[in-house]
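Thanks for coming, everyone. I'll take you through one model this morning. Have the sequence and the 3D view up while I talk.

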Amino acid sequence: MLQQTQVATVIPYYERFLATFPDVRALALAPLDRVLEYWSGLGYYRRAHHLHAAAKAVVERHAAAFPHEAQTIATLPGIGRSTAAAIAAFAFGARGAILDGNVRRVLARHRGIDGFPGASRVEAELWAIAESLLPEREMETYTQALMDLGATVCTRGSPRCGECPVATDCVALRDDRVAALPSPRPAKEVPQRAVRVLVIERAGAILLEQRSAAGIWAGLWSLPEIDVEADVVRHCRARYAANVVAGPNLPVIEHAFTHFRLTIHPQRVAARSWPLRAEAPGLLWLTRDDALAAALPAPIRKLLRTL
Ligand code: SF4
């Protein structure tokens with residue numbers, strides 16, 4: 001929950017989440033929709049999907065007892081090698097190297113490693129360094145200190161080398177290359193996609209559609225989505241057997257994903273007649289306020305707030 005979100009914001013979410021899902025069995029048995037509902041507002045829903053899937057895996061594969069070894073923890077959904085080692089160190093004092101973004105930066109600077117840390121050759125070198133530095137005992141203290149060093153001293157923008165406990169043998173400091181390391185990601189053109197989303201309104205309610213279990217915004221409730229060039233009236237007739245009138249376009253929304261940029265063209269649509277057979281599972285008519293309480297993608301939530 002704390003990834004990209006401040007502690008003060010997270011606390012009420014955390015308390016509500018734990019009150020509703022007090023242990024791993026409760027979380028594993030809960031329907032995904034309910035988990036997403038309690039995650040709603042934190043964004044990055046993929047983490048909630050993973051948390052739910054990991055709880056199921058712990059119950060099914062490990063008889064509801066969380067595994068202790070980093071290697072086994074890393075087989076759970078959403079948990080990579082570094083996170084697994086951090087969990088094993090903090091929860092069980094196990095010995096294992098971590099290599100999150102902050103630690104990559106510290107090691108790249110301290111050892112003067114060139115190249116983008118996400119590149120496999122550089123990453124392998126950093127893992128080897130991280131492994132070689134592991135102490136024999138007090139793993140928890142060491143791991144926390146390394147994370148804190150990256151988060152508070154060897155920061156990305158303004159490292160405080162004057163206060164750094166490892167400054168005496170830091171290669172980047174010695175060679176005056178602190179600002180140049182770690183090397184940035186090689187520039188790459190980000191693909192661009194565009195979709196039209198429909199704000200279909202009927203008697204004060206808006207139509208929400210549940211997205212499929214795979215792909216972007218998997219399992220979330222969202223506005224119906226069509227090709228930018230598609231005919232809205234024809235689409236609604238074919239998809240819902242509904243008679244609608246296409247309304248005005250709303251301001252365009254730009255949204256950045258890790259691998260592409262999405263331009264969203266929202267359009268108002270008035271439903272004149274809506275046959276009962278279009279009230280299928282996966283479709284919901286909600287007032288704007290009720291819709292805002294659902295598990296929505298962030299840009300769709302922003303759009304509904306402006307209506
Ligand atoms: S001396 Fe500066 S660059 Fe080197 S590890 Fe410490 S804070 Fe980072």
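Start with β1 and strand β2 (residues 205–210): they pair in the antiparallel sense, over two bridges. Before going on, the ground rules. This is a predicted model, so to speak: local features need pLDDT of at least 70, side-chain atom pairs count only at pLDDT 80 or more, and totals for chains, interfaces and linings use all residues. Residues are numbered from 1 along each chain as its sequence is written, and side-chain values use heavy atoms, with hydrogens and water left out.

Two terms. Strands (E, at least two residues) and helices (H or I, at least four) are DSSP runs, numbered from the N terminus. Two strands pair if DSSP finds at least two bridges between them.

Back to β1 and β2. Glu201 stands opposite Ile206 in β2. The hairpin of these strands has two residues between them, and Ala203 there takes a positive phi near 50°.

β1 (residues 192–202) has other partners. It runs parallel to strand β7 (residues 261–273), joined by 10 bridges. Gln192 has Arg261 as its bridge partner in β7. With strand β4 (residues 225–226), β1 pairs in the antiparallel sense over two bridges. There, Val197 stands opposite Glu225.

Now the ligand. Which residues are around it? They are Arg109, Cys154, Cys161, Cys164, Val166, Ala167, Cys170, Leu173 and Val178. To be near, a residue needs a heavy atom within 4 Å. The shell divides into eight nonpolar, no polar and one charged. Here Ala, Val, Leu, Ile, Met, Phe, Trp, Tyr, Cys and Pro count as nonpolar, Asp, Glu, Lys and Arg as charged, and the others, Gly among them, as polar.

Next, Pro117. Look in the loop between α7 (101–111) and α8 (120–132). Is Pro117 buried or exposed? Its relative accessible area is 7%, so Pro117 is buried. The cut-offs: buried is under 20% relative accessible area, exposed is over 50%, partly exposed is in between, with a 1.4 Å probe and protein chains only. Leaving aside neighbours within four places in sequence, Pro117 contacts residues including Arg104, Leu126 and Pro182. Contact means heavy atoms within 4.5 Å. From Pro117 to Arg105, 12 residues apart along the chain, the C-alpha separation is 8.0 Å.

Last one: Ser222, in strand β3 (residues 221–222). Ser222 counts as buried because its relative accessibility is 1%. Beyond neighbours within four places in sequence, Ser222 is in contact with Leu207, Leu208, Glu209, Arg211, Pro297 and Ile300.
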